[in-house]
Amino acid sequence: MADDTPSLPPSDGAADDVLRAWAARIRAAVADRRPLRLRGGGTKAFYGEPIAPEAEVVDTRAYAGILSHEPTELVITARCGTPLSELEAALARHAQYLPFEPPHLGAGATVGGMVAAGLAGPARAAVGGVRDYVLGARLLNGRGEDLVFGGQVMKNVAGYDVSRALAGSLGTLGLITEVSLKVLPRPAGEATLQLPLRADAALQHLARWRAQPLPLNASRWQDDAGGTLLLRLRGAAAAVETACHRLLAEVGGERLDPATAQREWAATREQTLPFFATPPSPAHGLWRLSVAPTAPVLALPGPTLVEWFGAQRWVWAPLDAADTLRAMASQAGGHATLFRAPAATPQARGRFTPPEGPLRTLQQRVRTAFDPHGVFQPGVWGF
């Protein structure tokens, strides 16, 4: 373990006491038929269906600390309550990072919340999501049992799928207490281009560029002065420079200075752009459409922002547009989610497109296996 990595030793007595206390609370909740709400920093509490107000909060921040960081092995293991900023700072000291760029969405985001929410930032379409970097995990299930899945090496395969299933589970499978993550070195080259393109032209260029050996990493299109595409390139320095010259010559535009580019991508990841901060009205919610990247421009009913080379499309729309948006997303090979409920109706339900058929059955069976008494996050998925 690196000498400068802040951590608590794995055998720390106080930490063990926290786990024992949590296991006892879970067993008591089962006996009392009392639901539990798992919460770290609470920065993503808006995400998912509203949870019953009588649910008892389990604050995961009491179990924190980086347990190990092996820079040469590209693996880091941390407890669930570890601040995400602390983990990222530890990686930065070794010129490493989490390639999927997890959004914090507020101060106090934790490692456990990052995995449970399963959200990824601008580079998701190029590098994969949270689940692609989870090597192993430890959790307390709905019986209060302490379980370990996966491992701390990238070649490990035992239990790997179970560990990955925890990513995006929103706490419904158990209390994630520890997680081991694959990390990567910072790339040598990076550049961001600002290209003046309408939506249809931007999607066409992105589809063509993705089929070519270009170091594409992230994209963001906004209807700004006729349309602006931000395109981030990452990889070998020579490859990035060559791609910059070629793309600028092909469509025009400019290269942003590094400080400006960093601010733009951070604002995209953390949803602090004016687009995200200014809904058209209190009756508008923020919808996320996950579609095939090759889908054409969609006739969405409000202000739009497009990421992930066309695969993620954000739009502000009222709740009564749900059926239209879901039908549109389905026809484009995906689904629609009410990411943030309208300010006027914060307890609005029906946020996720419910799974159907075998997928619904499988999801319910997995949840029952981990949480047979329905203690954790009841109703968070809406079924």
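I looked up Phe352 and found it buried, at a relative accessible area of 10%; buried means under 20% and exposed over 50%, with a 1.4 Å probe and protein chains only.

I noted the ground rules. This is a predicted model, in which local features need pLDDT of at least 70, side-chain atom pairs count only at pLDDT 80 or more, and totals for chains, interfaces and linings use all residues. Residues are numbered from 1 along each chain as its sequence is written, and side-chain values use heavy atoms, without hydrogens and water.

**Ring pairs**

I paired rings of Phe, Tyr and Trp (its six-membered ring) with centres within 6.5 Å; planes under 30 degrees apart are stacked, over 60 edge-to-face, the rest tilted. I got nine aromatic pairs by this rule.

I took Tyr47 and Phe352 next. Their ring centres are 5.7 Å apart and their planes are at 80 degrees, so I logged the pair as edge-to-face. Tyr47 lies in the loop between strand 1 (36-39) and strand 2 (56-59), and Phe352 in the loop between strand 17 (335-340) and helix 11 (357-370), so this pair ties together parts 305 residues apart in sequence. Helices (H or I, at least four residues) and strands (E, at least two) are DSSP runs numbered from the N terminus. Tyr47 is buried too, with a relative accessible area of 10%.

I then checked Phe100 and Tyr133. Their centres are 5.3 Å apart with planes at 45 degrees, so this pair is tilted. Phe100 is buried at 0% relative accessible area, and Tyr133 is buried at 5%.

I traced a cluster as well: ring pairs link Phe46, Tyr47, Phe275, Phe276, Trp314, Phe339 and Phe352.

**Charges over rings**

I searched for NZ of Lys or CZ of Arg within 6 Å of a ring centre and within 35 degrees of the ring normal. The charged end of Arg79 sits over the ring of Tyr63, 4.7 Å from its centre. Arg124 lies over the face of Trp308, 5.9 Å from the ring centre.

**Helix 1**

I listed the buried residues of helix 1: Ala15, Val18, Leu19, Trp22, Ala23, Ile26 and Ala29. They cover an arc of only 130 degrees around the axis, which puts them on the same side of helix 1; the arc is that of the directions from the helix axis to the C-beta atoms. On the other side, Ala14, Arg20, Ala31 and Asp32 are exposed.

I also looked up what the buried residues pack against: strand 1, strand 2, strand 4 (75-79), strand 6 and strand 8 (175-182). Contact means heavy atoms within 4.5 Å. Arg33 follows helix 1 and has a positive phi, near 55 degrees.
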